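Welcome, and thanks for taking a look at this one with us. Please have the sequence and the structure open side by side as you read.

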Amino acid sequence: MSTSATTSPNPVTLDPQTRFRETALVRRKKFTEKLARLTFLTMTLLMIFPLLLIVSYLIYKAAPILSINFILDNPVRGMRAGGIWPAFLGTLYLVGISLLVSAPIGVLAAVYLNEYARENWFTRIINLAVVNLAGVPSIVHALFGLGAFVLFAGMGRSILAASLTLAIMTLPVIIASTKEALGAVPTAFREACWNVGATRWQTIRRIVLPNSISGILTGIILQVSRAAGETAPIMFTGAVFFKAIEKGDIFAYGLFDQSMALSMHLFTISTQVPNVPEALPYGTAVVLLGTVLLVNALAIVLRVYLRSRKKW
Amino acid sequence: MINRSRLESVTERIIEGIIRFCGFSAILFVFGIFFFVFREGSGFLFSGLDIGQFLTSPEWFPTSVSNKRYGVLALLAGTASVTALSMAIAVPFGLGAAIFVSEFCGPKLKETFKIVIELLAAIPSVVWGFIGLTVMNGVIIDLFDAPIGLTVLNGGIILALMSVPIIVSIGEDALKAVPDSYREAAEALGATRWQVIYRVLLPAGKNGLLAAVLLGIGRAVGETMAVLMATGHSVQFPSNILDSVRTLTATIAAELGEAPVGSDHYQVLFIIGILLFTITFIVNLASDLVVKGIRNK
């Protein structure tokens, strides 16, 4: 039998005490292992710690002013008192309209790159363009928006021009995340569908998109949070320092109106307007940061939930 | 053979056409950006602007009555100094965090850290700028007994915090791409954890890590609101990290509102935009080529 050969008695008798004793090398390795772990953990925490510190400091400073009325009131006395309603509503408009433009284009562009495009130089150029579009500085997007939408297309400084600028700026976010979501759908699903006679588009609509909807939604939500925080692209294309609107009126802005925006409002009251009470910019910063982080957290929760339900 | 109705095949064609068009749109937009920014600045670029002087003179006096001078060297120095400082902070910490997340974390902890880093990346730049303007400003004045805290140091730290998330996430991808067999082989030979990182992981993942750093640089060069608010407003060569500077991006953001449309000053700001576009284009192209280098291996 083969077992008898391998279990032949060992001629060297091993004392259980010495057999498992740590050698100097093992001790050194354990120590360096610990040291390495500690070093890199410290580095990571030093990057994360500021986030917690900053968020809690901002909330602490803003606490006296934070209330639902702060969001729903108009600013008064030259933006030195009152709330942020026109800015809050303006941000909703800008983000909403930019989403209407960038979500369909972005998702379809990702469908093209993942489902139709062949591996050739042209596809490489498209991918390169997406990467570069993501890397264009926000202020250059602002110059583009001013040159193309405000002046060339004659939209003037308006919500429409600012939203379109934001849409182009955030397009790469949607393309990248949608592409990833589509890529996660197994090829076998598509092949099965083609085999029963479905066309490319039928396969995409009935099989690929429903199976990747969670990833696509996550990308769209991330676009929302990115667009809500941007300042530079809207500064010269449609956002203004001050605009009074009816309190509580959610249809106060038209497509060709100028509007306020939260990010722009924070910039204005913290740098351009003298003698603003301290809590006011802190409150605005907390509302902006809170909105963005909430939207992001929503994307994360959605992703974790849907991943746990995934069937393959 | 399945017979499809004529209507169906026509719809299919139309939808395919729309999808194709959307696919090409990214190229269209990149060219569009270059075209429209170039278009607004081209008049002055080809007649009037002394390009040699533009790139080599530190004198930026766009609104002087008697002698307007457009030299961006000091602004370039501002961008370079803030970017360099931020990378000096962000690269070691970012790569360290990437190594920790990729090599030392269990799956649960890894997920947590990734979420926190994602949230860090989501903080809007205007909020970072506000933090620089209020919190960091006071801290720097207290710590260094400086007259003003809006300095290269302030902007550098803020930009470092802003570009760390991108370095961590791309860097972690790069380390994940190193095959496990490399690590196992090194450990089987008796390497300590440090030796595995130094001798195996860093050399094997160096292209991806380089791409991570390049993307971080691209982000730092192009950042506008944070540096506008945190670095002060003096056009000068910084002699130390407690000097105020002005970057290329901040100059556009600060002056575009005041420059009359079509004036020389207005056009020069668009030319600075072209310069910025070119710099980030080259940085992004370089990082893409580096990543492509990995894939071909």
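Please keep in mind that the model is predicted.

## Chain B at a glance

Let us begin with the build of one chain. Chain B contains twelve helices and two strands. If you follow chain B from the N terminus, the order of its elements is α-α-β-β-α-α-α-α-α-α-α-α-α-α. Taken along the principal axes, the box filled by the C-alpha atoms of chain B is roughly 70 × 70 × 35 Å.

## Where chains A and B meet

Now for the interface. How many residues does the contact take from chain A and from chain B? There are 82 residues from chain A and 82 residues from chain B. Between them, chain A and chain B bury about 7,500 Å², and 78% of this area is on carbon and sulfur atoms. Three residues deserve a look here: Phe40(A), Met47(A) and Leu143(A) account for 10% of the area that chain A buries against chain B, more than any other three residues.

Polar links cross the interface too. The rule finds ten residue pairs in polar contact across the interface of chain A and chain B, with both residues at pLDDT 80 or more. Which helix gives the most to the side of chain A that touches chain B? That is helix H3 of chain A, residues 24-62, with 21 residues. Sorted by class, the side of chain A that touches chain B comprises 57 nonpolar, 17 polar and eight charged residues.

## A salt bridge between the chains

Over all chains, the structure holds 14 salt bridges. Across the interface of chain A and chain B, the rule finds three salt bridges. One to find on your screen is the pair of Glu33(A) and Arg193(B), whose closest N and O atoms are 2.2 Å apart. This pair crosses between chains: Glu33(A) sits in helix H3 of chain A, while Arg193(B) belongs to helix H8 of chain B, residues 193-204.

## The second largest pocket

Next comes an open space. The second largest pocket has a volume of about 450 Å³. It is lined by 21 residues, and the closest to its centre are Met235(A), Phe241(A), Phe267(A), Gln272(A) and Ala253(B).

Which helices each supply at least two residues of the lining of this second largest pocket? They are helix H12 (262-272) of chain A, and helix H10 (225-230) and helix H11 (248-255) of chain B. H12(A) gives the most to the lining of the second largest pocket, with four residues. By class, this pocket lining is made up of 13 nonpolar, six polar and two charged residues.

Rolling a probe the size of a water molecule over the atoms shows where empty space is left. How many cavities of 30 Å³ or more does a search of the whole structure find? The search finds two.

The largest cavity holds about 40 Å³ of space. Its lining consists of Thr91(A), Leu94(A), Val95(A), Leu166(A), Ala227(A), Ala228(A), Glu230(A), Ile234(A), Ala261(A) and Ser263(A). Helix H5 (85-116) and helix H10 (200-229) of chain A each contribute at least two residues to the lining of the largest cavity. H5(A) provides the largest share of that lining, three residues. In terms of class, the lining of the largest cavity has seven nonpolar, two polar and one charged residues.

The second largest cavity also comes with about 40 Å³ of space. Around the second largest cavity you will find Thr79(B), Val82(B), Thr83(B), Leu159(B), Ala220(B), Val221(B), Glu223(B), Val227(B), Thr247(B) and Thr249(B). Helix H3 (73-104) and helix H9 (206-222) of chain B each supply at least two residues of this lining, and H3(B) gives the most, with three residues. The residues lining the second largest cavity are five nonpolar, four polar and one charged.

Key. Residues numbered from 1 in each chain as written. Chains lettered and ligands numbered in written order. Predicted model: local features only at pLDDT ≥ 70, side-chain atom pairs only at ≥ 80, totals over all residues. Heavy atoms only, no water. 1 Å grid on protein atoms, 1.4 Å probe; cavity = no way out; pocket = protein on both sides within 12 Å on 5 of 7 lines; lining within 4 Å. Points joined across faces, edges and corners; volume = space filled by probe spheres on them. Nonpolar A, V, L, I, M, F, W, Y, C, P; charged D, E, K, R; others polar. Contact = heavy atoms within 4.5 Å. Buried area = accessible area lost by both parts, 1.4 Å probe. Salt bridge = Lys/Arg side-chain N within 4 Å of Asp/Glu carboxyl O. Polar contact = N/O pair within 3.5 Å; in protein donor to acceptor, adjacent residues only side chain to side chain.
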